Amino acid sequence: MDIFHGTCPLGYKRDETKKVRIDETTKDIIVRIFNLYLEGKSYQTIANILNEEKVLSPKKWKDSKIEKIINNRIYVGDYERFKRVAKEQGKEPIIYPNVVEPIITRAMFAKSDNFLRLLRQEIRG
C-alpha cells in the first residue's frame with residue numbers, strides 16, 4: 001500500500017524501488033524529539049533546541065511541526081487516514097497498522113499520548 005503521495009514524513013524516504021523506508025540520516029531526529037517531549041519539554045522548547053543546534057539548517061523548526069511529529073502514528077508504523085475529516089465529523093479515523101517500519105516503539109508513542117492527555121486535563125482544570 002502506497003500511503004505517501006509526494007513527500008515522505010521526516011524520518012522516512014523512498015528507496016530506488018519507490019518503497020518507503022526509514023531514512024537513517026534523519027530517524028535519530030525523530031527519536032530525539034520524542035525523548036525530549038517525554039522529558040517534559042514543550043513543543044516550543046523542542047523547536048528552540050533544534051533551531052539553536054541548527055538541526056537540518058536552514059530549516060526553521062516551529063512548535064506546530066513538533067506537535068505534528070508527536071501526534072503522527074506513522075512513527076510507530078501505522079497510517080492514520082482521514083484524521084482531520086474524522087475529527088470534524090466526530091468520528092474515528094481509519095488506522096492501517098504496520099504499513100511502514102516503525103521509528104519509535106508503541107510504548108514510547110503511548111507514553112507521549114498519555115503525557116499529552118494529562119497536560120490537556122491540567123489546562124482544563
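1. Of the 125 residues in the chain, 35% are buried; the model is a predicted one, and this total for the chain uses all residues. The accessible surface comes to about 8,500 Å², and carbon and sulfur atoms account for 50% of that surface.

2. The chain holds five helices and four strands, which follow one another along the sequence in the pattern β-β-α-α-α-β-α-β-α. Among contacts between residues at least 6 apart in sequence, 48% join residues that are at least 24 apart.

3. The largest nonpolar core has 29 residues, and the members that touch the most other members are Tyr12, Ile33, Phe34, Trp61, Ile66 and Tyr75. Two or more residues of this core come from each of β2 (20-22), α1 (27-38), α2 (43-52), α3 (63-70) and α5 (106-124), and α1 gives the most, with six residues. As general background, nonpolar side chains in soluble globular proteins tend to be buried together.

4. Leaving aside residues up to four places away in sequence, Ile33 touches Ile46, Leu50, Trp61, Ile66, Ile69 and Ile70.

5. How are α1 and α3 packed, in terms of the angle and the distance between their axes? The two helices pack at an angle of about 95°, with their axes 10 Å apart; because angles of 65 to 115 degrees count as roughly perpendicular, α1 is described as roughly perpendicular to α3. On the α1 side the contact is made by Ile30, Ile33, Phe34 and Tyr37, and on the α3 side by Ile66, Ile69 and Ile70. Sorted by class, this contact of α1 with α3 comprises seven nonpolar residues, with no polar and no charged ones.

6. Ile30, which lies in helix α1, has a relative accessible area of 0% and is therefore buried, given that the cut-off for this class is under 20%. With residues up to four places away in sequence not counted, Ile30 touches Leu10, Gly11, Ile69, Tyr75 and Ile103. Of these partners, Ile69 also belongs to the α3 side of the helix contact described above; Ile30 and Ile69 are 39 residues apart in sequence, and their C-alpha atoms are 7.6 Å apart in space.

How values were computed:
Residues are numbered from 1 along each chain as its sequence is written. This is a predicted model: local features need pLDDT of at least 70, side-chain atom pairs count only at pLDDT 80 or more; totals for chains, interfaces and linings use all residues. Side-chain values use heavy atoms; hydrogens and water are left out. A nonpolar core is a set of buried Ala, Val, Leu, Ile, Met, Phe, Trp, Tyr and Cys residues joined through side-chain atoms within 4.5 Å. Buried means under 20% relative accessible area, exposed over 50%, partly exposed in between (1.4 Å probe, protein chains only). Contact means heavy atoms within 4.5 Å. Axes are lines fitted to C-alpha atoms, for helices over the stretch in contact, and angles run from 0 to 180 degrees between N-to-C directions. Angles under 35 degrees count as roughly parallel, over 145 as roughly antiparallel, 65 to 115 as roughly perpendicular and the rest as oblique. Ala, Val, Leu, Ile, Met, Phe, Trp, Tyr, Cys and Pro count as nonpolar, Asp, Glu, Lys and Arg as charged, and the others, Gly among them, as polar. Accessible areas come from the Shrake-Rupley method with a 1.4 Å probe; for residues, only the protein chains shown count as cover.
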